[in-house]
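I opened this entry to keep track of what I looked up, in the order I looked it up. The structure comes first, then my notes.

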Amino acid sequence: MSFDPSRYRAPERVNLPDRRWPTRTITRPPIWLSTDLRDGNQALIDPMDPVRKRRMFETLVAMGFKEIEVGFPSASQPDFDFVRQLIDEDLIPDDVTIQVLTQCRDELIARTYESLVGAPRAIVHFYNSTSTLQRRVVFGLDQAGITAIAVNAARMCRKLEATVPGTQVRYEYSPESYTGTEIEYAVEICEAVADVIEPTPGQPLIMNLPATVEMYSPNIYADTIEWFLRTVRDRDCVVLSLHPHNDRGCAVAAAELGVLAGADRVEGCLFGNGERTGNVDVVTLAMNLFSQGIDPELDISDIDALRRTAEYCNRLPVHERHPYVGDLVYTAFSGSHQDAIKKGFAALYSDSEAAGRGRDYEIWGVPYLPIDPAHVGRSYEAVIRVNSQSGKGGIAYIMENEHGFSLPRRLQIEFSKAIQTVAEDTGTEITPSAMWDEFKAVYLPDEPRLQLRSHQLVARDDEHTAITAQIGVMRVTEEDQSLHIRDVQVVEGWRRTGAGTFLLDTAHRWARARGLTETQLRVFVDNPAARLYIRMGYKTAGSRLAQFGAIRHMVRGV
């Protein structure tokens with residue numbers, strides 16, 4: 001079958017020309033509900049066992065979730081048993097409410113209430129699909145038939161309250177596949193359920209509008225939320241909840257825009273686990289608020305520990321590029337990025353130290369890093385990593401922060417070439433230990449090419465001390481755009497140690513700094529040094545016969 005977009009249709013848009021959500025700003029977090037133990041668990045290849053479920057529940061409680069959907073007790077014995085374990089072992093903190101899910105069928109609702117006996121508080125979440133597609137191909141019912149299912153379920157729930165006399169029961173209703181449902185009908189069926197539940201401002205009904213399949217772009221989703229809230233009766237008796245999925249890759253944006261549109265609550269999973277492409281990632285939502293100076297009221301200070309829990313419980317990996325938590329999200333391989341990060345840290349700490357706060361900066365600001373990695377338990381050592389695309393800034397940062405060597409600029413340039421050669425030869429990342437090995441091999445070998453055998457210290461007027469070590473003599477003159485090397489002599493004891501190469505390199509660098517274009521020298525044809533000059537890029541520009549033999553005139557660009 002061909003790749004044919006004509007077989008698809010965009011969903012209808014709600015008419016909302018006076019939309020207000022684009023001018024609003026999020027100033028506080030929504031009510032968070034974790035559905036890791038229900039929506040997340042049902043999407044796993046291997047659902048969580050009791051040990052993993054308890055580990056996840058305890059982690060969610062420690063993070064600060066006050067509402068946690070703990071299972072679908074009427075769907076399986078393991079879910080039923082886990083709800084009972086939480087209640088019987090008194091594992092539910094006083095400030096946490098568990099939530100359980102059920103379809104709108106009498107026997108399933110009854111089983112759900114059986115699981116809740118003895119619970120101090122609970123949210124009973126019942127749902128039925130309302131989309132035009134499912135009404136046609138799954139249920140074969142019109143709107144009235146679908147509404148009757150929801151209303152009968154609400155009545156059954158109210159009736160069964162008598163079976164859990166010690167439990168404070170609240171309700172959540174979801175018109176499942178909301179994004180495929182006519183918006184007017186979504187309001188109608190929610191109001192019909194509310195007529196049975198009889199919510200009050202003190203005991204509101206949670207109306208959950210799930211993007212069970214993400215069909216809208218985030219702006220259209222936000223339009224429907226704002227329209228719904230303008231239209232539904234008794235807004236003060238409603239907690240409007242969002243349940244975005246990530247089929248279009250826009251769940252986080254949809255949730256944020258939905259909150260701007262007036263939603264009070266967001267349901268999601270840690271790191272976006274869930275059916276198909278996953279539920280909205282609650283961690284990313286919370287960290288987005290954090291990065292804007294808003295307390296998300298969830299503790300994410302050790303994000304790697306949260307990842308380890310999620311990977312253990314779900315038996316699925318978190319991607320290396322996942323926002324805020326992936327192994328590579330606080331790293332830079334690009335040379336320009338590394339240099340900017342290095343300078344950013346230097347400026348950040350310089351400003352705070354100048355203000356007398358040490359390294360306790362006031363406002364974060366480092367290029368390419370939207371947050372301080374330390375705030376989520378990451379260390380600065382992981383910020384910069386080196387491969388063949390890296391530049392001198394990243395290498396200098398690692399040498400200083402990992403090994404205590406603050407490299408001068410020219411040494412940064414020189415050493416970065418050596419590291420790039422290693423990276424290109426291996427095709428892999430260069431670790432800090434591998435970088436140190438290369439530094440030692442180049443500059444600190446067991447048998448060095450150059451050794452400091454004598455030196456002279458001279459105190460200068462500018463309070464600096466000059467250290468001079470004589471390894472040879474070079475006589476040069478500057479003529480037009482050329483540096484003429486008239487004489488090169490290496491002190492005895494330094495010959496065949498690379499000193500000649502060092503002297504010539506010094507001359508080349510000096511010529512470049514002066515803006516000259518070439519260096520020139522003359523050498524007898526039979527002088528062994530001629531081979532050195534050729535290796536260093538000198539080319540013969542002519543020759544002549546002199547009193548003591550043939551002389552080559554050699555030239556090298558700088």
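I started with A305 and located it in helix 11, which spans residues 303-314. I kept in mind that the model is predicted. Is A305 buried, partly exposed or exposed? I read a relative accessibility of 23% for A305. Buried would need a value under 20% and exposed one over 50%, so A305 counts as partly exposed.

I then looked up how A305 stands to I149. The two are 156 residues apart in sequence. From C-alpha to C-alpha I noted 43 Å between A305 and I149.

**The barrel**

Next I turned to the sheet. How many strands close into the barrel, and in what order? I counted 8 strands, in the order 1-2-3-4-5-6-7-8, with parallel pairing. Neighbouring strands of this sheet are turned against each other by 25 degrees on average, direction ignored.

Strand 3 covers residues 97-103 and strand 4 covers residues 121-129. They run parallel, and 6 bridges join them. For T102 I looked up the bridge partner in strand 4 and found F126.

I also checked what packs on the sheet. Helix 10, residues 282-290, does, and it touches strand 1 (31-34) and strand 8 (265-268). The direction of helix 10 makes about 155 degrees with that of strand 1.

**T97**

I went back to strand 3 for T97, which lies there. Its relative accessible area is 10%. The cut-off for buried is under 20%, so I logged T97 as buried. Which residues does T97 touch, leaving out those up to four places away in sequence? I listed K66, E67, I68, R121, A122, I123 and R170.

**Helix 9 against helix 10**

Helix 9 (residues 251-260) packs with helix 10 at an angle of about 55 degrees. Their axes are 10 Å apart. Roughly parallel would need an angle under 35 degrees, and roughly perpendicular one of 65 to 115. Helix 9 and helix 10 are therefore oblique to each other. I recorded the crossing of helix 9 past helix 10 as right-handed.

Which residues meet in this contact? From helix 9 I noted V252, A255 and E256. They meet T284, L285 and N288 in helix 10. By class, the residues of this contact divide into 3 nonpolar, 2 polar and 1 charged.

Conventions: Residues are numbered from 1 along each chain as its sequence is written. This is a predicted model: local features need pLDDT of at least 70, side-chain atom pairs count only at pLDDT 80 or more; totals for chains, interfaces and linings use all residues. Side-chain values use heavy atoms; hydrogens and water are left out. Helices (H or I, at least four residues) and strands (E, at least two) are DSSP runs, numbered from the N terminus. Buried means under 20% relative accessible area, exposed over 50%, partly exposed in between (1.4 Å probe, protein chains only). Two strands pair if DSSP finds at least two bridges between them. Axes are lines fitted to C-alpha atoms, for helices over the stretch in contact, and angles run from 0 to 180 degrees between N-to-C directions. Contact means heavy atoms within 4.5 Å. Angles under 35 degrees count as roughly parallel, over 145 as roughly antiparallel, 65 to 115 as roughly perpendicular and the rest as oblique. A crossing is left-handed if the near helix is turned anticlockwise from the far one by less than a right angle, and right-handed if clockwise. Ala, Val, Leu, Ile, Met, Phe, Trp, Tyr, Cys and Pro count as nonpolar, Asp, Glu, Lys and Arg as charged, and the others, Gly among them, as polar.
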